Amino acid sequence: MTGISLGIRRGAWLSGGLFALLALVLLTVPARAQITFPSAAPISAGNVIVRTQPTVTEYSGGLQSFYDENIVLYGASPDLAFILENKSIVSNSGNIVTNGKAAAFTATGFGDTVLDTRYNLYEVDGVGSTFRIAPYIGIDMPTGMDNVNNAVPRDLQPASGEWGTREALTSSWQTLFWNAQALIGYQNYAGSGGFQTGSSLLADAAFHYLIWPSDLDREVPSEVFASLESNYSLSAVDRMNGAAISGTGGQLWTIDPGFLYSTPTWGAAMTALLPILQQYRGPGAARYDYGIEVTFRYSFFTYHHW
Amino acid sequence: MLRTRGFSKRRLGLWAGIGLVVVQALAMPARAAEGDASSQPTARPPGYGEVKVVVLGVTAPFFTFGLVKRFQQIPGVEHTSFNLLRGTADILVKPGATVSDEDLRRAVRNASYSIGSIQWVAHPSAVAAGN
C-alpha cells in the first residue's frame, strides 16, 4: 500500500458542507463544565465502555459541589451508539444566609439521567488516522432527587426534576500522535413545579497530545496523553414561577489541562477545570473557583449488536 | 458589562507544575518498561496460517480492543496482534480453519473501521497441503 490510503465512506457530496460546519465549530471553540464531552471517536459494535467521573468543584463563599457521573457507551452497530449518563450521587454543601444569619446546609442525593443516541454520519479513515462527524440527540430524564432539602434553593438540589432535550454535532480528528475534538450543542428543559432551568448553548473543544511512548511500530500496551480542553456555555436565566432567578444564566468558560493514561481495556485521567471567563445575570451568583475531575474507564465486549 | 475573572499566572503556573510532575512520575516506570515491552514477532507454529490485514482508522491501543475482539470472534483465529504505526493486524489461524477474506472484512467493518488490504502470508489450507 502506498502513502496514506483513504477509505472514504458515505457520500462525498456531504464533505463540503460538513467541513464548513466543522470550521465554524472550531472557531466558536469552547463549553460548560461538562468536561470529557461526547466525541465522534469510533466504538465497535458490541463494545461497552463504562466510565465513572467523580468531580469536585469549589465556588467562592464556601460552596462546594461533588458529583459522580457514571457513563455507559454501547456500540449498537458500527455507526450507531447509545450513551447513558447518570449522576449517581450529587452533594452540594455550603452556607446560606437568611435574614443576615448564615446556616450550613447539605443537599445530597441522586442526580438526573441522560440518554444520548449518536450516529456516525461521515468518516474518512487512513492508516493511523480517522476523521469523523457524528450528530447526537439526547433526552434528560428526571430520575434524581429535586427536593431533598427544603431550606436550599432549587438550583442547589441534586437534580432539576425536569425533562429536557439536547442536540449536538460532534467531530473527532484522531491521529497516532494527537487528537482534536469539537462539539457544538443546545440544551433545553421543560420545567417542573414552577422551576425552569435556562436553555444553554454549549461549545467544547479538546486537544490530546501523545507524550509516551515514542515508538509505535509494535503492539503498544499503553499510552500517556497530555490534554487541554476548553468548555464554554452560554445560558438563559433559570426561572421560578416565571420570574428570573438572579445570579443564574450567563457565560462560563473553563480551560482544562490534564493527562490521560490508556491501555486497550482501561484508562484513567485527571483534569483541572480552571475558569477564565464567567459572567452571570444579576447579583448573587456563587462564582466558580476551580474544579478537579478524575476519570476511570473500562472497556468490555459483548457479541450482541445490530 | 462583561466582567472577566482572570486566573492568576501564579495559580496557573502551580497547576502546570503539578501536572508535569504527575505525568513524569507516571511515565518514568512506563519508560523503563518500554524496552522490555517490545513485542517479538510471533513465530508461526507448523501447520498454522497467517494473514496481515491493513485496517484504516485505528489510532490508539484503546481502539484496538474492539477490533481484536472482532477478529478473535472468527472461528479458527488463534491470536491477533496490532501494529499501530503500520495499521496492521497480524492474525494467526489454526490448522485446517477456513477463514475467508469476507470474514476479515466483516470483522473490520463491525469494529467501525475501514479495510485497507488483506495479505495472506500462509493460508492454512496451503500449509496443510505442504505448499
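Eleven residues of helix α2(B) are buried: P61(B), F62(B), F63(B), T64(B), F65(B), G66(B), L67(B), V68(B), K69(B), R70(B) and F71(B). A residue is called buried if 20 or more other C-beta atoms lie within 10 Å of its own, exposed if 12 or fewer, and partly exposed in between, with C-beta atoms placed from the backbone. The helix is thus mostly covered, with 11 of its 13 residues buried.

The structure is a predicted model, in which local features need pLDDT of at least 70, side-chain atom pairs count only at pLDDT 80 or more, and totals for chains, interfaces and linings use all residues. Residues are numbered from 1 along each chain as its sequence is written, while chains are lettered from A and ligands numbered from 1 in the order in which they are written.

Chain B contains 4 helices and 4 strands, arranged from the N terminus as α-β-α-β-β-α-β-α. Helices (H or I, at least four residues) and strands (E, at least two) are DSSP runs, numbered from the N terminus. Of the 131 residues in chain B, 34% are buried. The 13 residues of α2(B) should span 18 Å at 1.5 Å a residue, and the end C-alpha atoms are 19 Å apart, which agrees; the expected span is 1.5 Å times one less than the number of residues.

The largest nonpolar core has 27 residues, and V55(B), L67(B) and I91(B) have the most contacts inside it. Such a core is a set of buried Ala, Val, Leu, Ile, Met, Phe, Trp, Tyr and Cys residues joined through C-beta atoms within 7 Å. The elements of chain B that each supply at least two residues of this core include those tabulated here.

| Element of chain B | Residues |
|---|---|
| β1 | 49-56 |
| α2 | 61-73 |
| β2 | 77-83 |
| β3 | 88-93 |
| α3 | 101-110 |

The largest share, 6 residues, comes from α2(B). Leaving aside neighbours within four places in sequence, L67(B) is in contact (C-beta atoms, placed from the backbone, within 7 Å) with residues including S44(A), V55(B) and F82(B).

In chain A, strand β16 (residues 248-262) is largely enclosed by the rest of the structure, because 11 of its 15 residues are buried. Strand β13 (residues 223-235) of chain A pairs with β16(A) in the antiparallel sense over 13 bridges; pairing requires that DSSP find at least two bridges between two strands. The bridge partner of E223(A) in β16(A) is S262(A). Strand β17 (residues 266-281) of chain A also pairs with β16(A) in the antiparallel sense, over 11 bridges, and a hairpin joins β16(A) to β17(A) through 3 residues.

Key. Contact = placed C-beta atoms within 7 Å.
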